[in-house]
Amino acid sequence: MCEKYLNNLVDAKSRKFVTQIRISAHEFPVEQGRYVNIPTEQRFCNICDYKVVGNEYSYLFMCRENTLKILREHFIKEILNVNVNFRNSDFKTLFYYILMMNYYTIFNLTVKFIRDITEQFLFQI
């Protein structure tokens, strides 16, 4: 038996990406650094020079790497086309909303964005 939101995912690869984000079983520095005793505050994003902790939020909404910024801008534009109520929301609010996975269209846009990030930067993260 799986979480209901996973039933909306057709392919196993998408299910894997979403599950890894949801349970913090991913390759982001915030998780990988724990296995080599790097203090949390020093587990920086390793694809840009922003010097923030490389966690889910930073990769989805803060990383300054150019390709990632373009993917993010496209993702946010798509979300705003689905739900204009987010036009005045900050990234933190948007982040929590998309992780709740309650709205099918936004859920699928989020899955695509996570896959794009993971596939693009898998060997850098």
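Predicted model: local features only at pLDDT ≥ 70, side-chain atom pairs only at ≥ 80, totals over all residues.
Biologist: Let's start with α4 and α5. Why is α4 called roughly perpendicular to α5?

Modeller: Helix α4, residues 66-82, and helix α5, residues 91-100, pack at an angle of about 75°. Angles of 65 to 115 degrees count as roughly perpendicular, so α4 is roughly perpendicular to α5. Their axes are 13 Å apart.

Biologist: Which residues make the contact between α4 and α5?

Modeller: From α4 come F75, I76 and I79, and from α5 come F91, L94 and I98.

Biologist: How many of the residues in that contact are nonpolar, polar or charged?

Modeller: The contact of α4 with α5 has 6 nonpolar residues, with no polar and no charged ones. Phe, Ile and Leu count as nonpolar, and those are the kinds of residue found here.

Biologist: Now α5 by itself. What makes its buried residues line one face of the helix?

Modeller: The buried residues in α5 are L94, F95, I98 and L99; buried means under 20% relative accessible area. Looking down the axis of α5, they fall within an arc of 125°, so they line one face. They pack against α1, α3, α4 and α6.

Biologist: And α1? How do you know that its buried residues are on the same side?

Modeller: In α1, S14, F17, V18 and I21 are buried. Around the axis they cover an arc of only 90°, so they sit on the same side of α1. Among the elements covering them are α3, α5 and α6.

Biologist: What follows α1?

Modeller: S24 does, and its phi is positive, near 55°.

Definitions and conventions
Residues numbered from 1 in each chain as written. Heavy atoms only, no water. Axes fitted to C-alpha atoms, helices over the stretch in contact; angles between N-to-C directions. Helix = DSSP H or I, 4+ residues; strand = E, 2+ residues; numbered from the N terminus. Parallel < 35°, antiparallel > 145°, perpendicular 65-115°, else oblique. Contact = heavy atoms within 4.5 Å. Buried < 20%, exposed > 50% of the residue type's maximum accessible area, 1.4 Å probe, protein only. Arc of directions from axis to C-beta.
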